[in-house]
Amino acid sequence: MTSTFPNISISTERLVLRPLDEDDVPALAEMMNDEQVAAWTDVPQPFTEDAARTWITRHARTEREAGRGIDFAVTEFLTQRLVGVVQLTRTDWHIRSTELSYVIAPWARGEGYASEAALATAQWLLGDQKFERIELRTAADNTASQQVAQKIGCISEGVLRNACIAHVRTEDGTWADVRTDFIVWSLLPEDLDGADGQLADTGGFTSFPDWN
């Protein structure tokens, strides 16, 4: 029997992580067309509103129902503005392990939102959901993502050589693939003790019984 993640929202001091909604389509499309997102992810470029709608209404639902993962919209508590996305993928329910990734909108960077959202998700997974391992993979030159992993208490386990495809702009304005290394990080329940105490207050969890 396949396990699935519950319909949940996670609140922190500044953020609410909730299910993606069709109202997020314009902001999600804008965020995914950012140069840094294009450089470090496999999101197709340009990323249209139709692609954002398909992600929200089909992909996210299918991934959760199949037990493979869950997608959270990261929103500001006060403004409800979409500041990013946290994804859980490649979930293995037998060993209670999943892979975590995050994207933050360009206007919201530098505020610590990625660390706050990632840590809140990790605390929910390792505490409430009784997971035993969270894995992160960061491109070798993606220092911003590596700083997030370090800040939430992740331990670097090693390098997967030549295992990542990043992207660079060419002279004609198109994107070209470049191979680089993946740095592998892990976070176990006992590692959370080393995380920033201020980030550790997640506020609580709220269920969404009607979300599909």
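A disulfide is a pair of cysteine sulfur atoms within 2.5 Å. By that definition this structure holds zero disulfides. The sulfur of Cys 164 has its closest cysteine sulfur in Cys 154, at 17 Å, which is too far for a bond. Cys 164 is buried, with a relative accessible area of 4%, and Cys 154 is buried as well, at 7%. Here buried means under 20% relative accessible area, exposed means over 50%, and partly exposed lies in between (1.4 Å probe, protein chains only).

The structure is a predicted model, in which local features need pLDDT of at least 70 and side-chain atom pairs count only at pLDDT 80 or more, while totals for chains, interfaces and linings use all residues. Residues are numbered from 1 along each chain as its sequence is written, and side-chain values use heavy atoms, with hydrogens and water left out.

The term pLDDT is the predictor's confidence in each residue, from 0 to 100. The chain averages a pLDDT of 90, and 90% of the residues score at least 70. Helices (H or I, at least four residues) and strands (E, at least two) are DSSP runs, numbered from the N terminus. Two stretches have pLDDT under 50 throughout: residues 197-203 and residues 207-212. For residues 197-203 the model has 15 contacts beyond four places in sequence, where contact means heavy atoms within 4.5 Å. For residues 207-212 the model also has 15 such contacts.

Next come the charged side chains. Side chains of opposite charge can pair when their charged atoms come close. A salt bridge is a side-chain nitrogen of Lys or Arg within 4 Å of a carboxyl oxygen of Asp or Glu. How many salt bridges does a search of the whole structure find? The search finds twelve.

One of them joins the side chains of Arg 18 and Asp 24, at 2.8 Å from N to O. Arg 18 counts as buried at 18% relative accessibility, and Asp 24 counts as buried at 5%. Another salt bridge is formed by Arg 53 and Glu 22, whose closest N and O atoms are 3.7 Å apart. This pair links distant parts of the chain, 31 residues apart: Arg 53 lies in helix 3 (residues 49-65), and Glu 22 lies in the loop between strand 2 (15-19) and helix 1 (25-32). Arg 53 is partly exposed at 32% relative accessibility, and Glu 22 is partly exposed at 46%.

The side chains of Arg 90 and Glu 99 also meet in a salt bridge, at 3.1 Å from N to O. Elsewhere, Arg 133, Glu 135, Arg 137 and Glu 157 are linked in a network of salt bridges.

The backbone deserves a look as well. Most residues other than glycine have a negative phi, and most peptide bonds are trans. In this model a cis peptide bond joins Gln 45 and Pro 46, with omega about -5°. Pro 46 sits in the loop between helix 2 (35-40) and helix 3. Arg 96 is not a glycine, yet has a positive phi of about 55°. Arg 96 is in the loop between strand 4 (82-92) and strand 5 (97-104) and is partly exposed, at 23%. Lys 130 likewise has a positive phi, near 60°. Lys 130 belongs to the loop between helix 4 (113-128) and strand 6 (133-139) and is exposed, with a relative accessible area of 59%.

His 167 is buried, with a relative accessible area of 14%. Which backbone oxygens does the side chain of His 167 reach? The side chain of His 167 reaches the backbone oxygen of Ala 38 at 3.0 Å and that of Thr 41 at 3.1 Å. Leaving aside neighbours within four places in sequence, His 167 is in contact with several residues, including Ala 39, Asp 42, Trp 175 and Val 178.

Definitions and conventions. Polar contact = N/O pair within 3.5 Å; in protein donor to acceptor, adjacent residues only side chain to side chain.
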